[in-house]
Amino acid sequence: MLHELPTEIALYIASYLPLQSLRNISLVSRAWHGLITGNVQAVYRKAAILHRFVLHTDLQADSSGQKPDTKKTDWFQLCQRRLQIERGWRGKAPSIARELNSTGKFVHRIKVDQKEKIVMTTRHHGGLSVTDYDTDCVLWAATHVTDYAHCEYDHGYIILNRHDDSKEVWRYARDFQDSEIPEVFKPDESMINASHEAAQRHASPTNHGHFRPWAHLHMPEPTRAFRFSYPTLLSAGANYAYLWDVPTSRLVETITNIQAPNQDGTLGTLCYVEVNDQYAFFCGSNQLRIFARGGGALVYYLCMKDLQRINWDVLPDNSDDPCPSSLFQPQRLHEAYHVSSTSPSTFVAAHVSTSGKDIAVLTASGIFIWIPGFERLFHREVTLSDIATFLNFSASRSDVRDTSVYLALGESNEKAAIATRKGLFIVSLDPEISKLTAEAPRRPGLSVCRIAKYDDSRYLSSISCLQMTDTGLFFNWYPSLEQSRPSQPARRMMVIPPPHHGHLPVPIQIMPPPQPQPQHTNQVHAPVQIVSAVGLEGQGDHLPGLDPIESSDDDEIGEDVVPDPPSPIIVDEAGPPPLVETYEEEEVEIDGGDLVVDEDTDDSEMEEAEDETIDDLQFGGDGFMQVIVNDWFLPISSSMVHYIHV
């Protein structure tokens, strides 16, 4: 019997039990109850270490008293909360969805600091805002940030790109003094002015959520994508990659010939980059390449043809009964063999786990690859098929619309979030999940849940960012008020007439782009150019010069709300053409367009006619116009930050 063993040995054995079993054995007898309750902190401290709830650095700080301002850890409460979080991700406990209104519409990129409880967003038409996601109030905002700015964030540093390819580095205001700013690549005047303006507009005694300029980094050449993992910024160009130490603003390493051809070709068009303290990762249209830092040697590469054909198809599971108040629906994994597809695919994203030992990869065709202990591939200790798990989120290969949109990896909970045109999915990556719940998932050792109520392909295809924290998921989604807005008899439309060639560098034509591209990219975006494209039938079915944008008079801007940008159209310094307001009660004909509104038209007929007009502007029925930036289609639809909390 366990209680008859020496206490030290009994506690050591108990620490290897699943959390639910720890509670159950305390109910077996008075002796077992006394053993567990009398040593509750020791038992659950070892359980927290076993289940990787805490890092070794946190343990050292807690035991040595390095954090005098914090309470001593209650290990029982910590394990109980962690179990609740794990059950929430798996659809066994309640979850809550919120919409953050203060982030404004037209959200492009999202970054989250869970410790500070802030969410940072850039928008299609410029600006950076920092919002408290608990109170949904704007804490700080900078208006000078360029349109479609990509941003990176880690350890209190925000990095943004400019159209001239330089990088702005901002740092959390409370973390430094001006005297600590490096002497090289100092912030320029525009950053300093923007900082003063933002500080005056959002004055605060605590400076919570405030940032100040740290550096203005100039790249040696034009770069296409960048990624920041403290303290390293990786910025990649056509054939060279540059690694910067951000705290000191120094260029510390250059990796050359990332496109060097091998027996399987070149890297191809660069789609995404990733970096940690040992390796640099490059996702291309042809290959995934891994280079070692400190020399730049190519240590491994993966081609699309190397991916195995036996995958685990992710399918709905009607047999499982999830928690009624949970948004997470468990999915069924079915092992199947797939014939090689004739349509080309690419590697669109790769993320390394916080441990640095595992990597998650996503392809454009909806294949998710989890490679634990990927360094073993370098030394030929194992093959890819030996250790990798392949999940197929595009089981219907005939559905070409089912493409990947975005991939995010959890900070420390070994989970991944995946957005496709069929839904939002959460993958629990830890094959030893039975340690937490005593419910070991079926082969292949992973579990998948789909997020309910977020299944409209029109909105899914417009997700441009997905961020995952320990307890929540953040992404941009079509505003709920606009989804449920009732049809009104007299709805105002703003119509932009055909521009004259003398005022714009190129004529603007709004048309549906061909096949959507994955929105998951850390590419540097050039100035936006709205271009023409081909319709679904291979014909140009646009309305020349006509840009219908719904407007509502009841949209009031609150004190804490970031004002919406102007209508989605980019023009040169001469300024945009004048807006012409038309009303449904009047008969209007637009020169060069096909939209005619007659006052005798029935409301229902008007709605049908308008829907047909909007359908012509759709991409594949999505209902959203897109612009092309650096060969990537980016949405210009309304979107706000949605937050799902477990």
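Trainee: In what order do the strands of the open sheet of 4 strands lie?

Mentor: Strands of a sheet pair through backbone hydrogen bonds, either parallel or antiparallel. Here the order is S14-S15-S16-S17, with antiparallel pairing; strands are DSSP runs of E, at least two residues, numbered from the N terminus, and two of them pair if DSSP finds at least two bridges between them. This is a predicted model, in which local features need pLDDT of at least 70, side-chain atom pairs count only at pLDDT 80 or more, and totals for chains, interfaces and linings use all residues. Residues are numbered from 1 along each chain as its sequence is written, and side-chain values use heavy atoms, leaving out hydrogens and water.

Trainee: Is Glu152 buried or exposed?

Mentor: Glu152 is buried, with a relative accessible area of 1%; buried means under 20%, exposed over 50%, and partly exposed in between (1.4 Å probe, protein chains only). Glu152 belongs to strand S6 (residues 151-154).

Trainee: Which side chains make polar contacts with the side chain of Glu152?

Mentor: A polar contact is a pair of N or O atoms within 3.5 Å; within protein, one must be able to donate a hydrogen and the other to accept it, and residues adjacent in sequence count only if both atoms are side-chain atoms. The Glu152 side chain makes one with the side chain of His150 at 2.7 Å and another with that of Arg227 at 3.3 Å.
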